[in-house]
Amino acid sequence: MKEERVMLSGTHTVEDVFCCRCGQILGWTYVASHDKSQKYKEGKFVLERWRIAEEVTEELSLNGGHHASSDPDNS
């Protein structure tokens, strides 16, 4: 849901970004800026690291969550 938020850089129209697995709010995306100097933020998003659970970040690795095996028979 889009809403107006007053931030340190001015008033922005933003929309929350949610985790598709658990529904936790992870941050927001800038939909519109009311200040011309802040227009570069439109379409960009902010993810707050403290909102991302440690257990989930361990699952999300570069190899798709699968641990590489050094045993050629178990790859």
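Figure 1. At 9% relative accessibility, Tyr 30 is buried, where buried means under 20% relative accessible area, exposed over 50%, and partly exposed in between (1.4 Å probe, protein chains only). Trp 28 is buried too, at 15%. The model is predicted: local features need pLDDT of at least 70, side-chain atom pairs count only at pLDDT 80 or more, and totals for chains, interfaces and linings use all residues. Residues are numbered from 1 along each chain as its sequence is written, and side-chain values use heavy atoms, with hydrogens and water left out. A search of the whole structure gives one aromatic pair. Its members are Trp 28 and Tyr 30, whose ring centres lie 6.3 Å apart with planes at 80 degrees, so the pair is edge-to-face. Rings of Phe, Tyr and Trp (its six-membered ring) pair if their centres lie within 6.5 Å; planes under 30 degrees apart count as stacked, over 60 as edge-to-face and the rest as tilted.

**Figure 2. The overall chain.** The protein chain holds one helix and four strands. Helices (H or I, at least four residues) and strands (E, at least two) are DSSP runs, numbered from the N terminus. The order from the N terminus is β-β-β-β-α. Of the 75 residues, 16% are buried. Accessible surface totals about 6,200 Å², with 56% belonging to carbon and sulfur atoms. Such areas come from the Shrake-Rupley method with a 1.4 Å probe; for residues, only the protein chains shown count as cover. Among contacts with a separation of 6 or more, 16% join residues 24 or more positions apart. Contact means heavy atoms within 4.5 Å.

**Figure 3. Surroundings of Thr 29.** Thr 29 sits in strand S3 (residues 25–33). Leaving out residues up to four places away in sequence, Thr 29 touches Thr 13, Val 14, Glu 15, Val 17, Gly 43, Lys 44 and Phe 45. A polar atom of the Thr 29 side chain lies 3.0 Å from the backbone oxygen of Lys 44. The C-alpha atoms of Thr 29 and Asp 16 are separated by 6.3 Å, although the two residues are 13 apart along the chain.

Figure 4. Phe 45, Leu 47 and Ile 52 make a nonpolar surface patch of about 280 Å². Patches are made of residues with over 30% relative accessible area and no salt bridge; like charges are joined within 9 Å, nonpolar side chains (Val, Leu, Ile, Met, Phe, Trp, Tyr) within 5 Å. Phe 45 belongs to strand S4 (residues 45–47). Its relative accessible area is 55%, so Phe 45 is exposed.

**Figure 5. Salt bridges.** The structure has four salt bridges, each a side-chain nitrogen of Lys or Arg within 4 Å of a carboxyl oxygen of Asp or Glu. Glu 3 and Arg 5 meet at 2.6 Å, N to O. Glu 3 is partly exposed, at 32% relative accessibility. Glu 42 bridges to Lys 39, with the closest N and O atoms 3.3 Å apart. Both ends are partly exposed: Glu 42 at 31% and Lys 39 at 40%. Arg 51 pairs with Glu 48, the closest N and O atoms being 2.6 Å apart. Arg 51 has 25% relative accessibility and counts as partly exposed. Shared partners join Glu 3, Arg 5 and Asp 16 into one salt-bridge network.

Key: Polar contact = N/O pair within 3.5 Å; in protein donor to acceptor, adjacent residues only side chain to side chain.
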